[in-house]
Amino acid sequence: MRILSIETSCDETAVSLLEISGPLEKPEIKILGNTLLSQAKLHEEFGGVYPNLAKREHQKNLPPLLAKTLKQAGESNDNPDIDLIAVTSGPGLEPALWTGITFAEELSKKWSKPIIPINHMEGHVFSVLYGSAKPLKLPGLALLVSGGHTELVHIKDFDNYEIIGRTLDDAVGEAYDKVARMLGFSYPGGPKISTLADKNRMSRLAPGFKFPRPMINSLDLNFSYSGLKTAVLYKLKAENRTDDLFKEEVARAFEDAAIEVLIAKTRKALDTLLEIKTLIVAGGVSANTFLSSELKKLTEEFPQIELLIPDKLLTTDNAVMIGIAGYIQAKLHPEKLSPAARGEASNKIVAKGNLFISSPQ
Ligand code: KG4
Ligand code: ZN
């Protein structure tokens with residue numbers, strides 16, 4: 001099955017053309033064309049993603065990215081050999097989502113191909129199918145960690161899942177970005193904080209101060225990152241230091257706290273849901289080296305559970321993951337490919353809004 005996929009939920013415009021075949025547990029995924037443009041630099045001055053700027057950039061970038069993707073795949077712009085169009089329909093920034101949805105609808109009408117709307121987080125979850133050597137065993141538990149989400153999801157089957165824990169305020173990636181901004185680093189600052197924390201961990205003993213681990217002992221599986229961010233702010237105000245060593249120590253103490261809570265809640269979920277066979281960790285923060293090493297240690301406590309983290313290429317937002325989720329939907333619901341489903345997506349697609357702008361601190 002050949003799938004053209006489009007992702008515009010946040011600040012990445014991405015288009016890909018995939019050829020996918022085989023069972024859902026272990027599909028064969030060929031990337032025929034794949035393009036992506038990040039707007040992160042443009043949003044830097046806002047300290048987060050500014051929805052209307054994102055919308056304008058998506059509108060500008062989609063046509064050239066489509067042309068480039070089709071060219072990479074050796075396909076024509078007029079009548080490419082595809083079976084369906086998969087487009088992110090939420091959650092995300094509403095103006096940004098609608099740009100991708102409208103673009104997909106125009107293509108659907110022009111080429112007379114069906115559109116399947118895709119949940120962005122489902123895309124992150126199933127991004128682990130790309131390049132995986134072994135079949136995916138379900139039920140699974142997914143820890144979704146990005147700039148907009150911090151969720152624990154019980155994946156009962158390919159099309160049946162339940163959110164069993166979520167952040168009550170900031171997402172963990174958002175906390176990384178805000179702490180980075182307080183330390184004078186540009187958006188998105190997660191990778192910078194991670195590098196500083198790793199450097200400190202390699203060369204020094206733990207800093208002489210600690211930050212709180214919000215909700216670590218709560219009985220539920222929810223998270224809260226806003227208090228941790230505020231604790232960092234108070235520390236910076238109290239110390240009034242800007243030297244490199246202090247920044248490294250703050251980064252490490254923040255990361256130790258942020259990740260300890262992720263691990264503790266994931267352990268609690270695995271202790272509760274006894275039948276879990278796979279732990280999937282996805283979203284931008286899954287690129288974090290300390291998180292992956294702590295997760296490896298955690299899964300050693302649960303020998304029956306396999307840990308799956310997406311290929312580095314697919315950790316942040318991309319269109320390949322949307323295409324993979326599109327394949328799953330098309331296989332599970334062949335009626336979505338029927339002629340009746342063509343060219344009339346707008347009344348079926350609901351852009352689920354989750355408007356967030358990281359506010360400058
Ligand atoms: O999934 P993603 O690309 O976009 C959203 O849907 O949010 O995630 C982006 C988030 C940003 O907050 C970024 O700072 C964070 O992922 N991030 C990291 C790392 N790489 C990206 N956070 C911590 N450590 C990293 N290595
Ligand atoms: Zn994402």
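This is a predicted model: local features need pLDDT of at least 70, side-chain atom pairs count only at pLDDT 80 or more; totals for chains, interfaces and linings use all residues.
User: In what sense do β1 and β2 pair, parallel or antiparallel?

Analyst: Antiparallel, with six bridges between β1 and β2 (residues 12-21). A hairpin of four residues makes the link from β1 to β2. Look at Ile3 this time, whose bridge partner in β2 is Leu18.

User: And which way do the residues of β1 point?

Analyst: Arg2, Leu4 and Ile6 go one way, while Ile3, Ser5 and Glu7 go the other, and all are buried.

User: OK, now cores. What's the general idea, and how many residues does the largest nonpolar core have?

Analyst: In soluble globular proteins, nonpolar side chains tend to be buried together. In this model the largest nonpolar core has 50 residues, and Phe211, Tyr225, Phe254, Leu262, Leu279 and Leu291 have the most contacts inside it. Elements giving two or more residues to this core include α5 (172-182), α7 (226-239) and β9 (278-282). The largest share, 13 residues, is from α8.

User: What is Tyr225 in contact with, beyond its neighbours within four places in sequence?

Analyst: Its partners include Thr150, Asp169, Val172, Ala258 and Leu262. Apart from this core lies another, of 33 residues, with Met121, Val125, Leu144 and Val320 among them.

Notes. Residues are numbered from 1 along each chain as its sequence is written. Chains are lettered from A and ligands numbered from 1 in the order in which they are written. Side-chain values use heavy atoms; hydrogens and water are left out. Buried means under 20% relative accessible area, exposed over 50%, partly exposed in between (1.4 Å probe, protein chains only). Two strands pair if DSSP finds at least two bridges between them. A nonpolar core is a set of buried Ala, Val, Leu, Ile, Met, Phe, Trp, Tyr and Cys residues joined through side-chain atoms within 4.5 Å. Contact means heavy atoms within 4.5 Å.
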